[in-house]
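Biologist: I'm new to this one. Could you walk me through how to read its pockets, cavities and cores?

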Amino acid sequence: MRMLFLTPYLPSPPRTGGARRLHALMRGLARAHHVSVLSQVRAGTDVAEAVAATLAYCHEVVTVPNTAFAAHGPRKRRLQLRSLASTRSFEHRVYHYPAYQAALDELLAHNRYDLIVVEFSIMAYYRLPRGPLLVLDEHNIEYEIHARTARTDTQPHRRLYSAVNFLKLRREERAAWRRFDGCVLTSECDQRTLLRDFPGARTRVVPNGVDSALFQPSATPPRNDVILFFGAIDYYPNTQGLLYFLTEIWPTLHQRRPALTLMIVGQSPPPSILAYQGNGVVVTGVVDDIRSYIAEAAVVIVPLQIGGGTRLKILEAMSMEKAIVSTSLGAEGIDVTDGRNILIADRPGDFAARVEEVLADRARREALGREARALITIRYEWDVAVQTLNDFFRELQGWRADMPVVARRLASSS
């Protein structure tokens with residue numbers, strides 16, 4: 001098939017969770033199909049590097065700068081507040097703009113595609129043709145993230161903003177589902193949410209995965225005094241989860257274990273996180289290869305309180321046989337078992353205790369890690385995800401081919 005992917009950023013090199021999903025699925029599909037991508041790019045992106053890395057497996061790569069991504073800090077807050085008076089969500093303001101639609105129209109005028117895959121519902125604002133199959137890949141249910149933020153955030157202004165934006169996003173996301181021939185979800189939990197709101201949708205769960213040959217256990221023993229958080233630090237659920245850990249859990253751990261180091265690894269850490277540097281906290285920013293940091297850590301933490309989809313950070317740490325301590329929401333959508341291949345704790349005191357439990361017991365850490373990798377090799381390899389996605393595309397093709405026959409039968413029986 002000739003496939004066109006619409007993405008909010010280029011998939012390669014894959015340095016964030018979302019990019020790793022795009023990279024793995026698109027590269028896997030490109031082994032059997034003709035894959036092109038039309039991507040937005042934000043300010044600060046090394047476009048030449050990203051285009052070259054993506055062209056390693058894609059037939060064609062077209063990029064459109066998105067200047068709205070340059071908004072951050074106070075300017076972003078002002079834009080968010082201004083969006084409260086609009087009938088459209090803040091995401092619509094950021095991701096929808098004429099230059100991208102023009103580039104899409106140009107591609108469609110000169111190319112024939114069998115399938116268009118839209119990555120994230122925030123990229124579904126654009127006018128799409130009726131001929132190709134249309135598939136939406138929901139990395140997470142966007143409106144659920146805002147609903148959870150409105151319920152749990154401690155800042156009144158953010159709760160207000162999220163409560164209002166949630167209603168707009170929910171309306172936009174539900175409308176998007178009805179425009180597509182099929183919707184892909186990363187977890188059964190998200191699938192249930194979508195089918196509750198739109199029972200007639202054709203859906204398939206394509207879990208996030210990991211390349212277990214790439215994310216292998218390290219032969220070098222970890223440092224017993226290092227715990228690790230990694231991910232896109234500028235993504236609000238990660239920022240909020242880290243602030244929860246730094247204020248509610250880290251002081252207890254550091255007081256009991258003064259030699260302990262918390263490594264925070266990921267792109268664009270905001271000032272609220274950078275303010276905690278020192279006194280055992282190290283903030284690295286983005287790194288080219290996360291594996292050395294995972295290998296060094298004794299424990300990987302996932303203290304998330306809001307979010308959606310499934311966390312690639314958990315799967316990658318599991319693949320490297322790491323002991324992981326997570327909140328229930330952090331591990332949501334992944335088929336883990338508390339006490340067997342992960343440790344779950346939702347209260348600050350319990351979270352600190354479970355981190356200490358595995359720091360103090362090397363045999364316990366190693367047992368958790370072995371069970372974690374065993375689960376990865378059975379259920380969460382990227383090759384399995386690619387095959388599941390490819391099968392779904394073929395099923396949708398069959399459904400589309402049968403549509404005229406079904407329509408005739410319905411007409412003759414009426």
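**Pockets, cavities and cores**

Modeller: Let's start with the second largest pocket, which holds about 590 Å³ of space. This is a predicted model, where local features need pLDDT of at least 70 and side-chain atom pairs count only at pLDDT 80 or more, while totals for chains, interfaces and linings use all residues. Residues are numbered from 1 along each chain as its sequence is written, and side-chain values use heavy atoms, with hydrogens and water left out.

Biologist: Which residues line the second largest pocket, and which are closest to its centre?

Modeller: The lining has 32 residues, and Pro 14, Arg 20, Leu 214, Phe 215 and Glu 316 are the closest to the centre. α1 and α16 are the elements that give two or more residues to this lining, and α1 gives the most, with six.

Biologist: How do I read a cavity?

Modeller: Rolling a probe the size of a water molecule over the atoms shows where empty space is left. On a 1 Å grid over the protein atoms alone, a cavity is a set of points where a 1.4 Å probe fits but cannot get out, and a pocket is an open set with protein on both sides within 12 Å along at least five of seven lines; lining residues have an atom within 4 Å of a point. Here, there is one cavity of 30 Å³ or more. The largest cavity has about 60 Å³ of space.

Biologist: Which element gives the most to the lining of the largest cavity?

Modeller: That's α1, with four residues. Among the residues in the lining are Phe 5, Arg 21, Leu 22 and Asp 137.

Biologist: And what about the nonpolar core?

Modeller: A nonpolar core is a set of buried Ala, Val, Leu, Ile, Met, Phe, Trp, Tyr and Cys residues joined through side-chain atoms within 4.5 Å. Buried means under 20% relative accessible area, exposed over 50%, partly exposed in between (1.4 Å probe, protein chains only). The largest core here has 72 residues, and Leu 6, Leu 38, Val 118 and Phe 393 touch the most other members. Helix α16 (residues 382-413) gives the most to this core, with seven residues. A second, separate core has 59 residues, including Met 263 and Val 358.

Biologist: How many disulfides are there?

Modeller: A disulfide is a covalent bond between the sulfur atoms of two cysteines. The rule asks for a pair of cysteine sulfur atoms within 2.5 Å, and the count comes to zero. Cys 183 is in no disulfide; its nearest cysteine sulfur, that of Cys 189, is 16 Å away.

Conventions:
Grid points are joined across faces, edges and corners, and a volume is the space filled by probe spheres set on the points.
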